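Please keep the sequence and the three-dimensional view at hand.

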Amino acid sequence: MQSATFTLSPSLRLPKPRRQSSATLNPRFDPIRASASSKPNNLTPHMNGTLSASLPRRSWSLSSSSSNFKLRPWTSMPLVDSDAGTSRFEVRATAESAEESSESSSMFKTLELGALFGLWYLFNIYFNIYNKQVLKVFPNPVTVTGIQFAVGTVLVLLMWGLNLYKKPKVSGAQLAAILPLAVVHTLGNLFTNMSLGKVAVSFTHTIKASEPFFSVILSAMFLGEIPTPWVVASLIPIVGGVGLASVTEASFNWAGFWSAMASNLTNQSRNVLSKKVMVKKEANMDNITLFSIITVMSFFLLTPVAIFMEGVKFTPAALQSAGLNVQEVYIRSLIAALCFHAYQQVSYMILQRVSPVTHSVGNCVKRVVVIVSSVLFFKTPVSPINSLGTGVALAGVFLYSRVKRIKAKPKTA
């Protein structure tokens with residue numbers, strides 16, 4: 001009969017012991033001694049007893065055996081597959097890496113959007129300042145607007161020619177649908193330049209703050225979009241603020257006032273037409289492509305009108321005969337035209353990244369920045385009541401952009 005012998009076996013494989021003399025080994029006393037029915041093959045009795053006694057208590061487990069002394073895994077914890085552990089480590093590392101990549105990507109997008117807003121405002125400021133300086137010494141708004149469209153057309157053709165932006169394939173039906181947009185776009189920018197040539201930059205932008213009023217009226221007339229009571233209420237401070245600023249404006253004249261109002265009407269007509277007659281959006285017809293096509297069409301539409309109405313007055317000989325510094329006028333006109341095209345391109349880039357409401361709020365802030373910067377640069381005299389009217393109008397625009405997304409509740413039967 002074989003007797004069952006209880007042995008204490010370590011959970012980890014023991015390294016092969018170095019051969020040392022018995023005098024160098026100093027076995028530690030342990031009350032629990034291990035015994036085996038047969039001796040291990042590779043250890044002497046003395047060495048076996050010594051190692052058994054010197055191992056830590058927690059590394060041993062009781063086991064019943066009737067054969068030779070064998071090493072077994074720990075019973076205090078389950079057997080772990082090394083490959084599975086590595087796999088879990090890799091999954092965790094991948095998850096942490098993906099989370100860090102997502103955070104860095106989100107931060108980069110936020111910084112990119114902030115940079116675009118900064119460029120939008122900066123280009124707008126420089127356009128208004130240099131454009132006003134040109135119009136003060138060269139009061140030919142049709143020619144100035146035509147030059148701006150000409151520079152924009154050159155930039156668009158360069159983008160398409162150098163493959164910086166995909167060249168669109170436009171059909172005749174699409175061009176026919178875009179033509180009305182190009183007409184009102186041309187008129188809107190022309191009327192804006194006419195107003196800037198007659199009144200202060202700050203006053204022009206204060207009047208242009210009433211664009212939401214025309215948007216609501218035209219949308220209701222041609223699109224059947226009935227405004228909510230909140231939208232109607234937001235128009236009250238806009239109209240009241242513009243009226244108060246107009247009464248107290250030092251540079252006020254009716255030509256500048258009605259030109260700015262006509263600019264509001266045409267610009268909002270463009271938005272309404274884009275919803276009503278524009279062809280369905282295709283892969284090659286995004287906002288930037290549409291703006292580029294409109295810019296080229298506006299150049300061809302306005303150039304003959306400028307020659308017919310104002311003649312050819314932008315030649316060096318004509319400018320010199322008018323007593324103007326040719327180089328200064330050319331440089332300022334070029335900067336104004338580049339900024340004119342750049343700020344509209346950036347505006348469409350922002351619109352592709354944010355909601356229309358966020359874009360409207362950003363546009364309202366842009367007007368504030370342009371008004372303040374122009375007042376400081378040109379040292380425009382502004383009375384307290386005029387400032388109050390401008391502030392009320394801009395506050396109304398901000399309120400309009402916020403309440404516009406509130407939809408009316410459907411009527412229940």
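Ile217 has a relative accessibility of 38% and therefore counts as partly exposed; the scale used here calls a residue buried under 20% relative accessible area, exposed over 50%, and partly exposed in between, with a 1.4 Å probe and protein chains only. The model is a predicted one, in which local features need pLDDT of at least 70 and side-chain atom pairs count only at pLDDT 80 or more, while totals for chains, interfaces and linings use all residues. Residues are numbered from 1 along each chain as its sequence is written, and side-chain values use heavy atoms, with hydrogens and water left out.

Ile217 is placed in helix α6; helices are DSSP runs of H or I with at least four residues, numbered from the N terminus. Helix α6 comprises 13 residues (211–223), which at 1.5 Å a residue should span 18 Å, and its end C-alpha atoms, 17 Å apart, agree with this; the expected span is 1.5 Å times one less than the number of residues. Just after α6, Gly224 adopts a positive phi of about 70 degrees.

Glu211, Pro212, Phe214, Ser215, Val216, Leu218 and Ser219 are its buried residues.

Which charged contacts does Glu211 make? The side chains of Glu211 and Arg367 meet in a salt bridge, 3.5 Å from N to O; a salt bridge is a side-chain nitrogen of Lys or Arg within 4 Å of a carboxyl oxygen of Asp or Glu. Because Glu211 lies in helix α6 and Arg367 in helix α12, the pair ties together parts that are 156 residues apart in sequence. Glu211 counts as buried at 13% relative accessibility, as does Arg367 at 6%. Lys208 joins Glu211 and Arg367 in a network of salt bridges. Arg367 also has a side-chain polar contact of 3.2 Å with His205, where a polar contact is a pair of N or O atoms within 3.5 Å, one able to donate a hydrogen and the other to accept it within protein, and residues adjacent in sequence count only if both atoms are side-chain atoms.

The structure holds four salt bridges. In another of them, Arg353 pairs with Glu112, the closest N and O atoms being 3.6 Å apart. Arg353 lies in the loop between α11 and α12 and Glu112 in helix α2 (residues 82–137), so this pair ties together parts 241 residues apart in sequence. Arg353 is partly exposed at 41% relative accessible area, and Glu112 is partly exposed at 30%.

Within helix α11, Glu328 and Arg332 form a salt bridge of 3.7 Å, N to O; they are four residues apart, about one turn of the helix. An α-helix has 3.6 residues a turn, so residues three or four places apart point the same way. At the start of α11, a side-chain oxygen of Asn325 reaches to within 3.3 Å of the backbone nitrogen of Gln327.

Notes:
Helices (H or I, at least four residues) and strands (E, at least two) are DSSP runs, numbered from the N terminus.
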